[in-house]
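Please consider the sequence and the three-dimensional structure shown below. The paragraphs that follow lead through selected parts of the fold.

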Amino acid sequence: VWVQASDWLRDRVGSNNHTAWIAPLDLGGIEADEAAIAAPTRFISDWVQRHYADAIRDALVHAGAPVTRLSFRVATAPRATAPRKRSDAARPTPVEPEMSAPLDARFTFDNFVVGKPNELAHAAARRVAEGGAVTFNPLFLYGGVGLGKTHLMHAIASEVRARRPESRVLYLSAEQFMYRFVQALRERTVMDFKEMFRTVEVLMVDDVQFIAGKESTQEEFFHTFNALVDQGKQIVISADRAPGEIKDLEDRIKSRLQCGLVVDLHPTDYELRLGILQSKTDSLRGQYAGLCVEPGVLEFLAHRITSNVRVLEGALQRLFAFASLVGRKIDMDLTQDCLVDTLRSSDRKVSIEDIQRRVAEHYNIRLSDLVGQKRVRTIARPRQVAMYLAKQMTTRSLPEIGRRFGGRDHTTIMHGVRKIEELCAEDHSLAEDVQLLRRALEA
Ligand code: ADP
Ligand code: MG
């Protein structure tokens, strides 16, 4: 029952969450309508209860066990009682602070494909993982959804644990940080909480934008942060945007975050997407022995699915699963059949109107000016940005984009697109603008 329920949950919660939270669980038993769930640590148990209780109940019902209630307990020696379930059981297990969130074993440096858009972030992450005298503290990684922030953080954590098993590495999301803090307040164990953090060698907090606006958590975070930095401990933070752009984050925190190294993960380019697809294909081929991918398919995917790496990966996985199920080879036909929805949604993701509206808002100009004929720089540049985004983010042809921009010729659009491409390479603030807009539109 549990195997079936667990499989069903993978679809429901996504495979990352599944690896992190569901895989470590075990079904202790079912009595009447109550299922006993065993978790390896209290943290996992709490987190799962809060986030996945309904899903687990549904999954059990789906697997044929009519349960209505769940009880949770912490299994005292998880690795001893259930070693068969843990894929990483064979590896040595360095000190893993009980508060640390589980790491995804696939998120390693080896599995991280490096390209222009992420090479700086990757190099910085490597450097931090290697430790040594010259490192950046804090390291602040930021970038849009699915560009590899969490992957890099897990990679740092695994690497540090492997190199220096005695040092304590604590990785958790800002949401988990807050959750633990609130829990400590409630249970009057704030001293332990503080102690816990202050004795780590490396603290990594993922998605720190989450604590924006949450005052007491910010306060605690700030103190923890300062205490660790003062002791020369390494801190790694990630967020979906630059420190300065996080609203409702206190200035003193912003400036502290900025005083280390701030690097961003740029949106992927075609080359990187293709590289990632190739690397994932290699590992999927191992799982689906005998399946191969016909030429052109990966190129097609890299060209069409530009939003984020997670979607790209998901599409490839679906292709393999689908192909092995129906016994077909992975060619363009199968790709079209299997990914209609993914491809369609990447088509209708944003409209040219959305783009124009956003861009006009961003630069504080009138929409009618944006598509109008004025040639002053303050209007012409935003217009080109909008053209560029329309070309990049929609599948509309140049003539069609031209029509929506006040009946311009397709060569004008092409010129605009090229101009922005060129400018972005040298003008950092323009590149940032474009990225911001793109992210806002993708959200
Ligand atoms: P983020 O935390 O920035 O939202 P993740 O780190 O969760 O993104 O990445 C989403 C997915 O994409 C993960 O499965 C990750 O392994 C994969 N991924 C992202 N960038 C790369 C890369 N450069 N090479 C290989 N896989 C990547
Ligand atoms: Mg993440």
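Predicted model: local features only at pLDDT ≥ 70, side-chain atom pairs only at ≥ 80, totals over all residues.

Are α20 and α21 parallel or oblique to each other? Helix α20 spans residues 410-426 and helix α21 spans residues 428-442; their axes approach within 6 Å and cross at roughly 120°. Angles of 65 to 115 degrees count as roughly perpendicular and those over 145 as roughly antiparallel, and α20 and α21 are therefore oblique to each other. The crossing of these two helices is left-handed. On the side of α20 the contact is made by I420, L423 and C424, and on the side of α21 by L430, A431 and V434. Sorted by class, the contact of α20 with α21 comprises 6 nonpolar residues, with no polar and no charged ones.

The next element to consider is a sheet. An open sheet is formed by 3 strands in the order β1-β2-β3, with mixed pairing. Strands β1 (26-31) and β3 (69-74) stand at the edges with a single partner strand each, so one side of each has no neighbour in the sheet. From one strand to the next, the twist averages 25°. Strand β2 (residues 34-39) runs parallel to β3 and is joined to β3 by 6 bridges. Within this pairing, A39 has V74 of β3 as its bridge partner. Helix α3, residues 42-62, lies across β2 and β3 and runs at about 150° to β3. As a general point on such strands, side chains in a regular strand alternate between the two faces of the sheet.

Strand β5 (residues 169-173) is mostly covered, with 4 of its 5 residues buried. β5 pairs with strand β6 (residues 202-206) in the parallel sense, over 5 bridges. The bridge partner of S173 in β6 is D206.

Finally, a single residue may be examined. H303 belongs to helix α12, which covers residues 297-304. Is H303 buried or exposed? A residue counts as exposed if 12 or fewer other C-beta atoms lie within 10 Å of its own; H303 has 11 C-beta neighbours inside 10 Å and therefore counts as exposed. Between H303 and D269 there are 34 residues in sequence, counted as their separation, and 9.2 Å in space from C-alpha to C-alpha.

Technical notes
Residues numbered from 1 in each chain as written. Chains lettered and ligands numbered in written order. Axes fitted to C-alpha atoms, helices over the stretch in contact; angles between N-to-C directions. Parallel < 35°, antiparallel > 145°, perpendicular 65-115°, else oblique. Left-handed = near helix turned anticlockwise from the far one by under 90°. Contact = placed C-beta atoms within 7 Å. Nonpolar A, V, L, I, M, F, W, Y, C, P; charged D, E, K, R; others polar. Buried ≥ 20, exposed ≤ 12 C-beta atoms within 10 Å, placed from the backbone. Pairing = 2+ DSSP bridges.
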